[in-house]
Amino acid sequence: MNIFNTYRDYIENSIENLIAAGTLPAGLDSSRITVEPPRDPAHGDVSTNAAMVLAKPAAMKPRDLAEQIAARLREIEGVESVEIAGPGFINLRLGNSVWHQCLEAAIGLGKSYGDSDHGGGRRVNVEYVSTNPTGPLHIGHARGAVFGDVLASLLAKAGYTVTREYYVNDAGSQVDTLARSAHLRYCEALGRDIGEIPEGLYPGNYLKPIGRELADMNGDKWLDAPESDWLAEIRTFAIESMMALIREDLAVLGVHQDVFTSERKLVESGMVDEVLKTLEAMGHIYTGTLEPPKGRKPDDWEERPQTLFRASDFGDDIDRPLKKSDGSWTYFASDIANHLDKYRRGFTEMIDVWGADHAGYVKRMQAAVKAISSGEAELDVKICQLVRLTDKGQPVKMSKRGGTFVTLRELVDEVGPEVVRFIMLTRKNDAPLDFDLAAVTAASRDNPVWYVQYASARCHSVRRMAAAAFPNHDMSLSALARTPISCLTDDAELGLIKAVAGWPRLIEAAAEAHEPHRIAFFLYDTAALFHGLWTKGKDDSSLRFVIEEDKELTMARQALVRGVETVIASGLGIFGIEPVEEMR
């Protein structure tokens, strides 16, 4: 039950009545009408811009139209008052009975509360992590992994059919470097002194086990062999080993993907060649020369004809090359092939989660998706900014295992997967994130994951107290859903009920915007309201959750507690976190 969708229906019905009465012309576009909570709660419970959106096409002044709509909304049962503000906003204040009904619905639905058909079953592909298979995942990858995984869960709850994908970049020069680095560790495993790791190779200790496995399987046959003899075989083995390590690290974090797509297999299947044919047939490719980079002209710059994609026709700043000077494909061409493959698999909605270093790549990729799909497909790219790892404000030293970075596995081992998953979403994805080891393990309000889990534990504690006070009373969800709750009238109680009632709308809005961090904010704010009501009960005994002398009031408040427990469990479930029943 999305209360704001309910009132959107009321508003649209009022507009239809005005059309039927001849007050408004037929054919008005209502797609831009919003129905949401006012920014300032003092203005009411529901606000709409309907009058301002429709005034111009209706040839009316916004406030005059607002008066017409408001007159009809005042007739709806449960609407206490309707006011017009500013240039024509319509603000509704709802009676307590409306919010009580929302709480009853939440309790009645239980775990399914907030499930939505907003997505209509539409298929969406969420690609995340997709790091080069050249080393273990680091803390920056953790943020993108959590963001993508939780976004996929959020979309699924909102009614989309979601495929989680990992694109394996296993066709570029970086995997040849991986093979050479693994060969060096292979030589080391056979007793050769390799000295300092040469510049350009991967120095991390994570390659030592791969070197030992190669030595155990192959003996010394590649010790002094030319590179051409071993490069391809060691490259394949090293990629498979690194992908196994990456999958293990993701599993420790609770992240799983449905599909792993290999760039190398796309190339070998001819999909990249297919990109050229497809774009050429559409007239989106030409041979031309590019200008030198703006503001500077490198010494080695030379004008030369290139195979170019008309990216600027689709919103990019300049056209983009598809082939290098040696005739090989650019990374961009392979990436287009990846998205053409997705489109041909039936995905017209695609979401890619990238690291901060790929921000400059967004426009060209979105342009390519528009071109290859003739505008049928859309690509939303979510950039995850850097994570700064500290301990009591001091930077954490680099990892020996990673060589130059803190690995995801080390972070999870330090604080646990649930803490990592929650904290990574306490900032919007495009804002830098400070991850302080001391702060995220502290038992305080400043630690959001602890604060939310403490609310969950308190809910269970209240339930145990009520069961002890009324041992023979049925406190099942179905019984509480039938409990009269009209006695819940304190402002703190109603504020908490309104938060519970807002959960379905939050799911739909966060899914629509592709912003799972909204869930973390909601959980924290709801926990704060619950803890606040608990504190009020300490000072005012009439507001306590369990009052042994008043079973009816106690049961009503148990219904409220179960509503809070429901949305916290639901939100944590989207995060892949188990709500706790006791704090340990």
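In this predicted model, 5 strands form an open sheet with parallel pairing, in the order S7-S6-S5-S11-S12. Strand S7 (259–262) and strand S12 (378–384) stand at the edges with a single partner strand each, so one side of each has no neighbour in the sheet.

**Within the sheet**

- Strands of a sheet pair through backbone hydrogen bonds, in either a parallel or an antiparallel manner.
- On average, neighbouring strands of this sheet are turned by 25° against each other, with direction ignored.
- Strand S5 (residues 123–127) pairs with strand S11 (residues 349–355) in the parallel sense, over 4 bridges.
- Asn-125 stands opposite Met-350 in S11.

**A helix across the sheet**

- Helix H8 (residues 227–252) lies across strand S6 (161–168) and strand S7, and runs at about 140° to S6.

**Packing of two helices**

- Two packed helices are described by the angle between their axes and the distance between the axes.
- Helix H6 (residues 173–189) packs against H8 at an angle of about 100°, and their axes are 8 Å apart.
- Angles of 65 to 115 degrees count as roughly perpendicular, and H6 and H8 are therefore roughly perpendicular to each other.
- On the H6 side, the contact is made by Val-175, Asp-176, Leu-178, Ala-179, Arg-180, Ala-182 and His-183.
- On the H8 side, the contributing residues include Trp-230, Leu-231, Ile-234 and Arg-235.
- The residues of the contact of H6 with H8 divide into 10 nonpolar, 1 polar and 4 charged.

How values were computed:
Residues numbered from 1 in each chain as written. Predicted model: local features only at pLDDT ≥ 70, side-chain atom pairs only at ≥ 80, totals over all residues. Heavy atoms only, no water. Axes fitted to C-alpha atoms, helices over the stretch in contact; angles between N-to-C directions. Helix = DSSP H or I, 4+ residues; strand = E, 2+ residues; numbered from the N terminus. Parallel < 35°, antiparallel > 145°, perpendicular 65-115°, else oblique. Contact = heavy atoms within 4.5 Å. Nonpolar A, V, L, I, M, F, W, Y, C, P; charged D, E, K, R; others polar. Pairing = 2+ DSSP bridges.
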